[in-house]
Amino acid sequence: MNRMDFMNRLSALLSDLPENERKEAMEYYNDYLNDAGVENEGEVLEALGTPEELAATIREGLQDAQGQQGVFSEEGFQAGPRSRGNEIIARPQGAGENTDAASAREGGAAEGVQNGPRSGERTDAGGKDVGGSGRFGERRSPGGNGAEPNAGSGAKADAGSGARSATNGSGDPRNLNRRYRQDSGKKHLSGGMIVLLTVLAVFALPVIIAVGIGLLTALVVLALAAIFFTIVFLFGGVILICAGLICLAASVAKLTAFPAAALLSMGISFLCIGGGIFLTLAIGWVVTKLFPPLFRKAADGVRTVTHRKQGKDDIRFEKGGQS
Amino acid sequence: MIFNTGAALLDAIVLAVVSREPEGTYGYKITQEVRQVIELSESTLYPVLRRLMRDDCLEVYDVECGGRNRRYYKITPRGSAQLKLYEAEWIRYSGKITGMFEGGAGR
């Protein structure tokens, strides 16, 4: 398969991805082949594997936004906990080349070693599921309960660590990974946490309501003021123009009788018209250029709030479905 | 290599490679340099770079090069901070394991 066929096939395989993701990936590998040079092209194409494998790698990369648990080994990216459970854990204790099943049964101490890392993995598998991929669904059912407290504590730890500042403690290098799971962690909130949050919410309710009403009032007042000033300025502009025109007409009529006074009033009327036009244009600019972005921002704000609510509902729904 | 490279370690290596170039570097070169220390398939790095970019550890810019655009990756302040953490953690971790090996041999 030459480069052209390879890239076309890859593009076709990725066609269901979002346009920007597909384009970015295609550009990356196109760049890659360019940088490798024509003389290495065949070799690199070989090394990249089949377009199908490459597409799978790219997809795994996209999925890990929800909870990345892949292992990068010499065979390339290996998705998820499936392969990891046996590979890392079985090796150190197996002196010989045991089969996985045999090494798994190797007695209490070995079991202990295996359990530690495993429960961590389960958490990840759970996290991945929430993202909607559903690929590890069957994995979770046996260990799902064990994983829940972990996920909860993960979320709590995250909330505490806040802005992921560089000064935090030992767990920090994994912070980046955890961030993706934060949302999924919410799903596993323990009962005590929920009660605590509820109590907190009840106590905070008066404050929240007061602040909310205050904010709402401020917003309404601001909006009213904006509308009021818009109307005043618009009318002001129109009135100025009209007055200027009338004044101009009157002064033209008096041009022969009182030339000096007429010229003065003509000048004034031109000023009036000019001012009126300026006001009208200014308000036109404000209405067309300044308001739409403001409205858009306000709409975005409202949308994020509603979306967040939706998200919570989704999670709750999912939880109901599982139990 | 018998030891697998976890995602965090690979992140750390990539960040280290990119941070060596103040002006940034590009995908092919990063891959080749990472391949000097760990075995890694040619296709693996794209998801890693993409993830690091999304985490604001890397930033990208395009440079005109021989009639086409080449995408350069450059480390961000956040990426540098992350790399420092990884380095500290690695020293701690590898030191412990080395200590374990040496302690075991001495006994």
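A residue is called buried if 20 or more other C-beta atoms lie within 10 Å of its own, exposed if 12 or fewer do, and partly exposed in between, with C-beta atoms placed from the backbone. A:Ala56 is therefore partly exposed, because 17 other C-beta atoms lie within 10 Å. This residue, A:Ala56, lies in helix H4 of chain A. A:Ala56 is 42 residues away from A:Leu14 in sequence, and their C-alpha atoms are 9.2 Å apart in space.

The structure is a predicted model, in which local features need pLDDT of at least 70, side-chain atom pairs count only at pLDDT 80 or more, and totals for chains, interfaces and linings use all residues. Residues are numbered from 1 along each chain as its sequence is written, while chains are lettered from A and ligands numbered from 1 in the order in which they are written.

Helices (H or I, at least four residues) and strands (E, at least two) are DSSP runs, numbered from the N terminus. Chain A contains 11 helices and two strands, arranged from the N terminus as α-α-α-α-β-β-α-α-α-α-α-α-α. Chain B has four helices and four strands, and its pattern along the sequence is β-α-β-α-α-β-β-α. In chain A, 20% of the 323 residues count as buried; in chain B, buried residues make up 36% of the 107 residues. Two residues are in contact if their C-beta atoms, placed from the backbone, lie within 7 Å. Among contacts with a separation of 6 or more, residues 24 or more positions apart account for 64% in chain A and for 52% in chain B.

A nonpolar core is a set of buried Ala, Val, Leu, Ile, Met, Phe, Trp, Tyr and Cys residues joined through C-beta atoms within 7 Å. The largest such core has 38 residues, of which B:Val14, B:Leu15, B:Val18, B:Ile30 and B:Leu49 touch the most other members. Two or more residues each come from helix H2 (19-36), helix H3 (41-48) and helix H4 (51-63) of chain A, and from helix H1 (7-19), helix H2 (27-37), helix H3 (45-54), strand E4 (68-75) and helix H4 (77-106) of chain B. H1(B) gives the most, with eight residues. In soluble globular proteins, nonpolar side chains tend to be buried together.

H1(B) has 13 residues and spans 18 Å from its first C-alpha to its last, close to the 18 Å expected at 1.5 Å a residue; the expected span is 1.5 Å times one less than the number of residues. Buried positions in H1(B) include B:Ala7, B:Leu10, B:Asp11 and B:Val18. Leaving aside residues up to four places away in sequence, B:Val14 touches B:Ile30, B:Val34, B:Val48, B:Leu49 and B:Leu52.

H1(B) packs against H3(B) at an angle of about 80°, with the axes 10 Å apart. Axes are lines fitted to C-alpha atoms, for helices over the stretch in contact, and angles run from 0 to 180 degrees between N-to-C directions. The two helices, H1(B) and H3(B), are therefore roughly perpendicular (angles under 35 degrees count as roughly parallel, over 145 as roughly antiparallel, 65 to 115 as roughly perpendicular and the rest as oblique). At this packing, B:Leu10, B:Asp11, B:Val14 and B:Leu15 of H1(B) meet B:Val48, B:Leu49 and B:Leu52 of H3(B).

Two strands pair if DSSP finds at least two bridges between them. In chain B, three strands form an open antiparallel sheet in the order E2-E4-E3. Strand E2 (25-26) and strand E3 (58-65) of chain B are at the edges with a single partner strand each, so one side of each has no neighbour in the sheet. E2(B) is joined to E4(B) by two bridges, and B:Thr25 stands opposite B:Tyr73 in E4(B). E3(B) pairs with E4(B) over eight bridges in the antiparallel sense. Here B:Asp62 stands opposite B:Arg71, and B:Val60 has B:Tyr73 as its bridge partner. E3(B) and E4(B) form a hairpin with two residues between them, and B:Gly66 in the turn has a positive phi of about 60°.
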